[in-house]
Amino acid sequence: MPANDLEPIPVQERTIALVGLMGVGKTTVGRRLARRLGLPFADGDVEIEAAAAMTVSDIFARYGESEFRAGEARVMRRLLEGPRKVVATGGGAMLNPETRALMKARAVTVWMRADLSIVAQRVQRRDTRPLLRGRDPLEALGQLAEARYPVYAGADLVVDVTGGAHAEAVEAIMRALEAHGVLESRP
Ligand SMILES: Nc1ncnc2c1ncn2[C@@H]1O[C@H](COP(=O)(O)OP(=O)(O)O)[C@@H](O)[C@H]1O
Ligand SMILES: O=C(O)C1=C[C@@H](OP(=O)(O)O)[C@@H](O)[C@H](O)C1
Ligand SMILES: [Mg+2]
């Protein structure tokens, strides 16, 4: 069904979709946020890997980025059409126009933003991101930021998560969700 045909969903019932660059903390913060909210959690990359029975790196290596993106769009559709949850998207998912339309119809989107120098340090911990392999992380992330920040800027909420620990990022997102009317106010 096209995203436009879906009934509008009240903000308190929407899935919370985390978007932003690789390494900003969508996966690890998203899992903690879901626990905090008592919602199920799903990670786009984990779902793609399960569907393909292959790692993200292997999908890129064997089939190329465009096949990965097609799989990513299918997975995002399933996750966004399903019951309310916290979704950690892969950093490129929001670039797909259909995924964006579904997000607009079904989710509250949160752009997690951090200084590139911090993100560059974090992505060096694991060699699981094919778009960064063999490249200077700061330079590669800078190019991705240039191309993607205008798209991420279309998110409903922007949360700066620079510097702090995971728990601080969760708190910052909780405050933003509260201010947006997604959560009941806490005492
Ligand atoms: N706020 C944070 N404080 C400390 N480490 C973090 C924070 N956010 C993410 N990290 C670390 O950075 C790395 C990348 O985080 P991850 O959640 O996989 O990001 P993403 O899913 O956005 O690519 C992981 O090692 C994670 O533990
Ligand atoms: O930004 C991207 O294009 C990508 C981000 C990755 O997810 P994370 O943002 O969770 O690292 C993963 O989907 C793939 O390596 C491509
Ligand atoms: Mg991730």
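**Exercise 1.** Find the residue that UniProt lists under "binding site", and describe its setting in this predicted model.

*Solution.* Start with the record: the unreviewed UniProt entry lists Thr-27 for "binding site". Next, place Thr-27 in the fold: it lies in helix α1. Then count neighbours. Thr-27 has 18 C-beta neighbours inside 10 Å. A buried residue needs 20 or more, and an exposed one has 12 or fewer. Thr-27 therefore counts as partly exposed. Last, look past the neighbours within four places in sequence: Thr-27 is in contact with Asp-43 and Ala-88.

**Exercise 2.** Describe the shell around ligand 1: which residues come nearest, and which helix gives the most?

*Solution.* The shell has 16 residues. Gly-25, Lys-26, Thr-27, Thr-28 and Arg-122 come nearest. Now assign helices. α1 (26-37) and α8 (166-179) each supply at least two residues. α1 gives the most, with four.

**Exercise 3.** Check the length of helix α4 (residues 65-81), then sort its buried and exposed residues by face.

*Solution.* Take length before faces. α4 has 17 residues; at 1.5 Å a residue they should span 24 Å. The end C-alpha atoms are 24 Å apart, which agrees. Now list the buried residues of α4: Phe-68, Gly-71, Glu-72, Val-75, Met-76, Leu-79 and Leu-80. They cover an arc of only 160° around the axis, so they sit on the same side of α4. The spacing has a simple basis: an α-helix has 3.6 residues a turn, so residues three or four places apart point the same way. Turn to the face away from the buried side of α4: it carries the exposed residues Ser-66, Ala-70 and Arg-78.

Terms used:
Residues numbered from 1 in each chain as written. Chains lettered and ligands numbered in written order. Predicted model: local features only at pLDDT ≥ 70, side-chain atom pairs only at ≥ 80, totals over all residues. Near = placed C-beta within 6 Å. Expected span 1.5 Å × (residues − 1). Arc of directions from axis to C-beta. UniProt positions renumbered as here; feature names shortened; annotations may be inferred. Contact = placed C-beta atoms within 7 Å.
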